[in-house]
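This report describes the pockets, cavities, core and selected local features of one protein model. Please consult the sequence and the structure shown here alongside the text.

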Amino acid sequence: MKRIFSIFVLCLCSLALWAGGQAKYVFYFIGDGMGVNQVNLAQTYLAALEGRIGIQPLCFTSFPNAALVTTYSATNGVTDSAAAGTALSTGSKTKNGALGMKADGKTPLQSIARQAAAHGAAVGVSTSVSVDHATPAAFYAQQAARSSYHAIGTDLVRAGFDFYAGSDFLQPTTKEGGENLYEQCQKAGYVIARGYEDFQSQQKKAKKLLLLQTEEASAKDRSSLPYAIDRTDDALTLSQITQAGIDFLSQKSKKGFFLMVEGGKIDWACHSNDAATAIHEILDMDKAVSIAFDFLKKHPEETLIVVTADHETGGLVMGRGPYELHSDLLQHQRMSVEAYAAHLKELQKQHGDSLSWDTVKQDLAENWGLGKEVKLSEKQEKRLENAFRSMKEGSSTDHKTLYASISALADAARATLAECALIGWQSGGHSNGYVPVFAVGVGAEKFHGQMDNTEIPLRIAEAAGWE
């Protein structure tokens, strides 16, 4: 309630200033895979933790302007992240798989990030996944195929923006050899910081900066930062990336800055139909939005914050028949389904052939609440036991998602908790469901009603005077 009141007062005090003004500082948050139901589930979950039916607003859902957004691509009723990212960055539809290019795969498009740079603003592109992934790449790359990771990394260097951040590069080298992407970045004048502490020590001497997670973290998984639900204290976070972007870009140009921040793993969790993990990712991105909002409160007449998504993932629904919802049960999940699959492998190594159903049953209770806080039917418990037997016999088949391979028992735990919480999923892919857009600050009134995703960067450019 305090947050809502703060936004309300800020809106009243700044209304006259916003009318006719231009945004000097622009924040563009993109929750990958974050449809309206994902946002609603996060708010419903927070209310359920308080023991009530309803919602607990997030920072960004409290913004005074909102709209529903269509997401289809130029060639498909259901978009992929490359085409959606291109629409959100350039204002043009393209075919699935293309980045910063028209559907012909040949004609380059200009992104709002390039427009901002052309008008003298400092520019940052950041994400919780790899810096060469589809959404961030759509703001600087011009490639016919989103899978051309090394070429995309070369485009990152060529674009020459002031600040990039993410986990790492997916393909820093090629089989043919030559300069790797780190060498290319350094040759182009970038300081490469590994982790937030390293950023803090190096930012003052850097003219351009690339912020990545530590080399130790990349050795474990270079593709992304850890899920919020799995995160340890030493991991780089989206909030740190956002603060780093603000601190660095604020010093680079008197004409302000443009900072894109992607919550990339909302999508990954939804591809795995992992509701609890998706909620934690949304709440984690909301913390990053709160940092931008704190900046807006200091510069209310010069700042615009826009929060949206590229598409919905999973076909999430809240309700499976009974007119009930038990999202509070999701609090008993202690780790992502992917992390739990790895945990089960370690459990097998530790116990070997002596691993028993009683041991695994206790483990499911500790890490998922299954059979403990989450009451199970006889059928549900039998399903889990059968998955355990198959795992021990070596006859089970992993469930493969877009970004992970999950053991049958881990997936059964996930599905059982979702069933008890009365949360359903339609698929492991994207859908054509509406996504939301929320806005506050200079030009926020441009975001209302129903919009297409191509309209969002055009209205941001209009608000900032970058047309």
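## The second largest pocket

The second largest pocket is lined by Thr44, Ala48, Gly51, Arg52, Ile53, Gly54, Leu325, His326, Ser327 and Asp328. A pocket is an open set of points on a 1 Å grid over the protein atoms alone, with protein on both sides within 12 Å along at least five of seven lines, and a lining residue has an atom within 4 Å of a point. The volume of this pocket is about 160 Å³, where a volume is the space filled by probe spheres set on the points, with grid points joined across faces, edges and corners. Its lining comprises 3 nonpolar, 5 polar and 2 charged residues. In this classification Ala, Val, Leu, Ile, Met, Phe, Trp, Tyr, Cys and Pro are nonpolar, Asp, Glu, Lys and Arg are charged, and the others, Gly among them, are polar.

The model is predicted: local features need pLDDT of at least 70 and side-chain atom pairs count only at pLDDT 80 or more, while totals for chains, interfaces and linings use all residues. Residues are numbered from 1 along each chain as its sequence is written, and side-chain values use heavy atoms, with hydrogens and water left out.

## The largest pocket

The largest pocket has a volume of about 810 Å³. Its lining consists of 28 residues, and those nearest the pocket centre are Ala217, Lys220, Pro226, Thr232 and Ala235. By class, 10 of the lining residues are nonpolar, 7 are polar and 11 are charged.

At least two lining residues of the largest pocket come from each of α8 (196-202), α9 (215-220), α11 (265-271) and α13 (337-351). Helices (H or I, at least four residues) and strands (E, at least two) are DSSP runs numbered from the N terminus.

## Enclosed cavities

The whole structure contains 3 cavities of 30 Å³ or more; a cavity is a set of grid points where a 1.4 Å probe fits but cannot get out. The largest cavity holds about 80 Å³ of space. Its lining is formed by Ser128, Leu225, Pro226, Arg231, Leu238, Gly263, Gly264, Lys265, Ile266, Glu281, Asp284 and Met285.

Helices α14 (357-368) and α15 (378-393) each contribute at least two lining residues, the largest share being the 3 residues from α14. Here the lining has 5 nonpolar, 1 polar and 2 charged residues.

## The nonpolar core

The largest nonpolar core has 143 residues, among which Phe60 and Phe258 touch the most other members. Helix α12 (residues 275-298) contributes the largest share of this core, 14 residues. Such a core is a set of buried Ala, Val, Leu, Ile, Met, Phe, Trp, Tyr and Cys residues joined through side-chain atoms within 4.5 Å. Buried means under 20% relative accessible area, exposed over 50%, and partly exposed in between (1.4 Å probe, protein chains only).

Apart from neighbours within four places in sequence, Phe60 is in contact with Met34, Val39, Ile282, Met285, Asp286, Val289, Val307 and Phe438. Contact means heavy atoms within 4.5 Å.

## Helix α3

Helix α3 (residues 81-90) is mostly covered, with 10 of its 10 residues buried. The elements covering its buried residues include β1 (25-31), α4 (112-118), α5 (134-137), β8 (303-308), β14 (430-431) and α17 (455-464). Just after α3, Gly91 adopts a positive phi of about 80 degrees.

## Cysteines and backbone exceptions

The structure holds 0 disulfides, a disulfide being a pair of cysteine sulfur atoms within 2.5 Å. Cys270 is in no disulfide, and its nearest cysteine sulfur, that of Cys420, is 20 Å away. Cys270 is buried at a relative accessible area of 0%, and Cys420 is buried at 13%.

Asn273, in the loop between α11 and α12, has a positive phi near 55 degrees and is buried, with a relative accessible area of 13%. Leu422, in the loop between α16 (408-421) and β13 (423-424), has a positive phi near 65 degrees and counts as buried at 10% relative accessibility.
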